[in-house]
Amino acid sequence: MAMMGNTQGESPRQRVILAGVDTGEYEMAVSMGELRELAESAELEVVGTAVQTRSELEPGTCMGLGRLRELAEQIRALEAELLVFDHELSPAQLRNIEDICDCPVMDRTMLILQIFARRAVTSEGKLQIRLAQLRYQLPRLAGRGVQLSRQGGGGGGGGGARRGGGEAQLEVDRRHIRRQITALEAQLKELTQRRERLRQRRKKDNVVTVAIVGYTNVGKSTLLNTLTQAGVLAEDKLFATLDPTSRALELPDGRRVMLVDTVGLVRRLPHHLVEAFKSTLEEAAAADLILNVCDATSREMEEQLSVTRSLLRELGAEHTPVLTVLNKCDLLPAPPDLAGMKAVAISAREGSGLETLLEAVAEALPRTHLRVRLLLPYSAGELEARITRDGKVYRREYTPEGTVLEVNMDRRLLHLVEGYVMPLESGEEREKNSCSRSWE
């Protein structure tokens with residue numbers, strides 16, 4: 001397939017030129033840099049770039065006609081096989097640019113969709129991507145049916161575009177895609193309801209959830225792996241992880257929380273993808289705490305944080321507590337200045353700052369547990385099991401009167417142990433008596 005990597009037995013990487021029009025709407029150099037990262041993540045070889053400064057996009061061709069003709073010469077000179085625009089192109093623009101440049105054309109959204117299609121692992125992720133592809137294809141069918149069908153299967157967006165297939169065939173194609181969209185929406189609705197039931201079950205069982213969100217390629221999966229040994233794919237590529245992963249994590253105060261990794265974000269994330277991944281992203285919206293992870297070495301750190309905050313507002317999570325996590329601090333010449341910031345500086349790769357992070361997480365979450373010392377009679381074995389099942393036992397001692405427990409326990413169980421509470425030992429007493437205790 002045209003966009004597969006250059007592994008053994010496969011053809012070399014497809015040669016691509018990146019193109020964009022700078023209207024002053026956003027920082028063009030940054031956006032083109034991100035487009036290059038996207039292309040490289042899709043295993044494409046970038047052989048050239050072309051940027052034109054204009055007051056507005058040309059309605060029919062995005063770029064001006066003269067600049068496109070120059071671009072056509074550049075494509076031939078560099079033997080490029082694909083042209084990728086840093087804009088979402090209309091069906092007419094796609095057709096016109098292909099005609100002028102005599103080269104297959106792809107826009108930013110198509111590129112992201114293809115990366116997602118290749119990276120999705122779970123059935124839900126694949127359904128979400130396929131739905132986004134079909135929704136994107138539907139208004140672009142005229143004159144591009146064959147090419148877009150190939151895209152849906154993960155192809156390279158090149159060659160063989162069907163021209164003038166006839167109005168009847170076009171309508172057949174549209175009805176076919178609409179039927180697929182309806183079927184996929186029904187499947188995803190069922191999966192979304194199942195996910196919601198799981199969330200409700202977690203709430204009922206008082207499972208505390210901490211969601212990791214942030215810009216793509218800032219180290220979210222590396223952080224999850226370091227904290228929980230989850231074994232999640234963590235590569236230096238955009239969108240290395242698409243499917244949400246949940247793992248249990250114990251905090252310093254003994255509480256156990258569910259840590260959830262989510263899909264990475266980018267600037268101008270296409271609306272189709274936000275909609276397609278809404279059920280997955282809602283894992284973050286339903287969390288008790290959000291870790292907004294960013295790359296502390298990036299000049300675009302503030303923009304990364306802003307992109308995440310904007311999406312969280314869109315998901316209705318603006319009132320959820322957020323803890324900012326500055327990652328990759330091991331690559332900085334000096335520690336970052338955190339004055340006035342509710343933030344923690346870490347290196348997920350090196351493991352530095354993680355103890356501080358966990359303490360900050362415990363501090364930011366509601367106080368649901370309390371450290372107590374109990375003397376439980378041996379007849380209260382069932383109560384002891386209930387207390388220790390969801391709490392952390394710091395020490396246990398068997399005495400003639402019963403079991404002495406020092407435990408971090410759920411506050412809601414306190415009414416069950418009112419008659420068994422003992423004063424907590426001081427640190428000196430704890431050290432003196434430690435030799436006679438059984439530790440856990």
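Is R371 buried, partly exposed or exposed? With a relative accessibility of 29%, R371 counts as partly exposed, where buried means under 20% relative accessible area, exposed over 50% and partly exposed in between (1.4 Å probe, protein chains only). The structure is a predicted model, in which local features need pLDDT of at least 70 and side-chain atom pairs count only at pLDDT 80 or more, while totals for chains, interfaces and linings use all residues. Residues are numbered from 1 along each chain as its sequence is written, and side-chain values use heavy atoms, with hydrogens and water left out.

The model holds 18 salt bridges, each defined as a side-chain nitrogen of Lys or Arg within 4 Å of a carboxyl oxygen of Asp or Glu. One of them joins the side chains of R371 and E406, at 2.8 Å from N to O. R371 belongs to strand β11 (residues 369-376) and E406 to strand β13 (residues 402-410), so this pair ties together parts that are 35 residues apart in sequence. Helices (H or I, at least four residues) and strands (E, at least two) are DSSP runs, numbered from the N terminus. E406 is buried, its relative accessible area being 1%. Salt bridges with shared partners also join E34, D86 and R108 into one network.

A further salt bridge links the side chains of R13 and E43 (2.8 Å, N to O). R13 lies in the segment before β1 (15-22) and E43 in the loop between α1 (28-41) and β2 (45-53), so the pair connects parts that are 30 residues apart in sequence. R13 is partly exposed, at 33% relative accessible area, whereas E43 is buried, at 11%.
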